[in-house]
Amino acid sequence: MKPSFVKMIKSNSGLWLFVSLTILLLSIPLYAVQNTTLQNSISVNNLQAAYAKELNAHTSYLLYAQKADSEGYGKLAELFRVLAKSEKVHVERYAGILIDLDITPVANDSVVVVLTTKENLRQAIEEENYENTVLYPSFAQQARKDKIKFAKAAFRATGDVEGVHAVLLKQAQNNTKKWKNQNVTYYVCQVCGDVSKYRPMLCSVCLSAAKNIKKVD
């Protein structure tokens, strides 16, 4: 019986070493090209933009809460802090994705403009509606084109949650005086940042289990 080609190579240690090194060297450039392509994709730039935007939103809501407290809107301040916690979930999610891609998350130098509480409400509603209907849907569509499923899922979830934020803020705007003394309990999903006034069996946005939905103290 004739020896197989592989056996012939293995019988010659010098030739076997050469073939092994050749295979290794050929595989490294392929991985490097794939990784570089991913890092340079439009979706990765969008991930970086999302990280910076959500970090800015987190900071904005904390400042809005301080302003609401100073104007006597204690429960509205509480809502702003809840939304800040939700935005922090987004920040951590995008930071984690970028780090997994060996990319350092970078914040921008945006300055938060704090106005009166009613003006802050209007400004926040406009921003949340924009993110829900325009920004994150466009990011998700680009991620689909780039075939980056995990980015698409993150963008879609974030967009849905921003829509929830807009609804809560609109409710407050419709009767601002009521939010001076209203007592409301909130829950935030630690996976996608969804906000609800009760603890559901599953997150309405990402379908995460109830154990991942925490009451905001």
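Strand β1 (residues 187-189) pairs with β3 in the antiparallel sense over three bridges; strands count as paired if DSSP finds at least two bridges between them. The model is predicted, with local features needing pLDDT of at least 70 and side-chain atom pairs counting only at pLDDT 80 or more, while totals for chains, interfaces and linings use all residues. Residues are numbered from 1 along each chain as its sequence is written, and side-chain values use heavy atoms, leaving out hydrogens and water.

The open sheet holds three strands in the order β2-β1-β3, with antiparallel pairing. Strands β2 (195-196) and β3 (213-215) form the edges and have a single partner strand each, so one side of each lacks a neighbour in the sheet. Helix α4 (residues 74-100) packs on this sheet and touches β1 and β2, and its direction makes about 10 degrees with that of β1. Helices (H or I, at least four residues) and strands (E, at least two) are DSSP runs, numbered from the N terminus.

Turning to the helices, α3 (residues 42-70) and α6 (residues 149-174) pack at an angle of about 25 degrees, with axes 11 Å apart. Axes are lines fitted to C-alpha atoms, for helices over the stretch in contact, and angles run from 0 to 180 degrees between N-to-C directions. The two helices α3 and α6 are therefore roughly parallel (angles under 35 degrees). In their contact (heavy atoms within 4.5 Å), S43, N46, L47, A50, E54 and Y61 of α3 meet A151, F155, T158, E162 and L169 of α6.

Methods
Parallel < 35°, antiparallel > 145°, perpendicular 65-115°, else oblique.
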